[in-house]
Amino acid sequence: MRGQGVSHLSRLELQILGDNTKMGWGLLAPIRSQTVSRSLLYNRRLPHSSFTPYFFQHFQPPSGLTLPSETMAKDMTLLWGSGSPPCWRVMIALEEKNLKGYNHKLLSFDKKEHKSEEVMKMNPRGQLPAFKHGDKVLNESYAACLYLENQFKSQGNKLIPDCPAELALMYQRMLEGLTLHQKMIDDITYNWKVPEGEKHDSAVKRIRESLTAEIKLWEGYLQKTSGGFLAGKTFSLADVCVYPTIFTIFRFRLCEERYPKLAAYYNRLKDRPSIKASWPPTWLENPRGEDIMKDI
Amino acid sequence: MAKDMTLLWGSGSPPCWRVMIALEEKNLQGYNHKLLSFDKKEHKSQEVLDINPRGQLPSFKHGDNIVNDSYAACFYLESQFKSQGNALIPDSPAEQALMYQRMFEGLVFYEKLNAVIYYKWFVPEEERHDSALTRNKEALATELKLWEGYLKKLGSGSYLAGKSFSLADVTVFPTVAYLFRFGLSAERYPVLGEYYALLKDRPSIKASWPPHWLENTKGQDTLKEI
């Protein structure tokens, strides 16, 4: 994360942080996000035994005092499943907007908990994520991401660029990301979604070819776009929404040598705080997935 | 502004229609446009591929900014032309949340519609099954009930996000119009019928109505029994 100073923090937040870090103001400058400390605070598992600055380990907000972003987050509830890209998108967005401390519940797809009454009440489609802010329901992950950026524009990281060219490219890649995701889903779920009597080798082949062409397209996009992010030089909603899908494709062992630009993107963003903080827990226990995509 | 814009489109394609409604709503009439034929495979022509490597319509350009995905184009236009034409994203957080939610559910709605009316276009002959088409029709019926319920909850005369016309209507109305064009029964889905009637005479929608629907006002009855 690039250092961006402390101007984004309110006077109250600065005072709280200042009073509670032994090292003082100067060292706040490089720290853009409080992800690491918050994760410790809320007992969320950290994905790696990564370097944790000394003063974060001793950071504690004074009891009884909550930061504005925490108050907001307390009105939010997320029902989610580990490894689901749509769920991951929302969690990355929440982290990017400094909305930690939201209520959340991890559910199991295997145990069909996504069809439980608890989920159905929030989402009649029986799907995850199911997300609520107060009485506003935003179960579609893209809807939740756009809503969060628009409602919390002035806090956390800015996720929609001002420059029209980058903004245009961001929306374009974001929405194309749905196509990439769908093609990936069609490929990995064919065997268990399509009834036995309706399966065709020609369909499997067609779906695989379609996914291959799609992945090649994205490799090309990253070759053409300078700046390291999908919309150019800044991390944006395009990355929030599409990274989880790209990550999943590599989890299924897409060959990194064949797709160097995608691999570089995937590896570089792994260390972004919002992504580390929301890493699917079941993938920490089992980091290597099946090699379904190694021949693409 | 509009003169720097180019839209390659096909008649009756809901994604194309969305962009055209948005352009009308933002008072961007006068944009350059070319009507192409899907039947003649003109969507795979070099002219399209130059703007859109996917060979799909709509293909949309504003100056150097290429925004082919219809939702992306709608968001782009509303963001760049916020202060002209009609406001398409409500200020109220509750309406805004509902707008985004319905917009993206609208993509699911559109897919379920296509899975029925374009079953033969998308699925090669040797892979088609009556059981699959039946399943798709049932899925569409379930989806329709959901939207009927959404509109009913908001009350008569409402738009999808509440009291104002928004991007949710821009993006979802074409799907609703398609349903009725393909024979959906307004008796079975009265609230959707009312929504359709409410919007079909809206200036931006009239101005962008698919030309071949005007020439041939009778649609098909594929969805009659749903």
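Student: How many cavities of 30 Å³ or more does a search of the whole structure find?

Tutor: Four. A cavity is a set of points on a 1 Å grid over the protein atoms alone where a 1.4 Å probe fits but cannot get out. Before going on, this is a predicted model, where local features need pLDDT of at least 70, side-chain atom pairs count only at pLDDT 80 or more, and totals for chains, interfaces and linings use all residues. Residues count from 1 along each chain as its sequence is written, chains are lettered from A and ligands numbered from 1 in the order written, and side-chain values use heavy atoms, without hydrogens and water.

Student: What volume does the second largest cavity have?

Tutor: About 50 Å³, where volume is the space filled by probe spheres set on the points, joined across faces, edges and corners.

Student: Which residues line the second largest cavity, and what makes them lining residues?

Tutor: Leu180(A), Ile215(A), Trp218(A), Ile246(A), Ile249(A), Phe250(A), Leu254(A) and Leu262(A) do. Lining residues have an atom within 4 Å of a point. By class, the lining has eight nonpolar residues, with no polar and no charged ones; Leu, Ile, Trp and Phe all count as nonpolar. α10 (237-251) of chain A gives the largest share, three residues, and α9 (201-224) of chain A also supplies at least two.

Student: What makes β1 and β3 of chain A a pair?

Tutor: Strands here are DSSP runs of E, at least two residues long, and helices are runs of H or I, at least four, numbered from the N terminus. Two strands pair if DSSP finds at least two bridges between them. Strand β1 (residues 76-81) and strand β3 (residues 130-133) of chain A have four bridges, so they pair, and they run antiparallel. Leu78(A), for instance, is bridged to Phe131(A) in β3(A). β3(A) also has two bridges to the antiparallel strand β4 (residues 136-137) of chain A, with Lys132(A) partnered by Val137(A). Those two strands make a hairpin with two residues between them, and Gly134(A) in the turn has a positive phi of about 65°.

Student: Why do β2 and β4 of chain A stand at the edges?

Tutor: The order in the open sheet is β2-β1-β3-β4 (chain A), with mixed pairing. β2 (103-107) and β4 of chain A each have a single partner strand, so one side of each lacks a neighbour in the sheet.

Student: How many residues of chain A are in contact with chain B, and what counts as contact?

Tutor: 35 residues of chain A touch 36 of chain B, with contact meaning heavy atoms within 4.5 Å. The buried area is about 2900 Å², 56% of it from carbon and sulfur atoms; buried area is the accessible area (1.4 Å probe) lost on putting the two together, summed over both. Arg125(A), Leu175(A) and Glu198(A) supply 21% of what chain A buries against chain B, more than any other three residues.

Student: Where does UniProt list "domain: GST C-terminal" in chain A?

Tutor: Its unreviewed entry gives residues 163-296 of chain A, and such annotations may be inferred rather than shown by experiment. In the model, that span is 66% helix and 0% strand. The "domain: GST N-terminal" annotation, also from an unreviewed UniProt entry, covers residues 74-156 of chain A, a span with 36% helix and 20% strand.

Methods:
1 Å grid on protein atoms, 1.4 Å probe; cavity = no way out; pocket = protein on both sides within 12 Å on 5 of 7 lines; lining within 4 Å.
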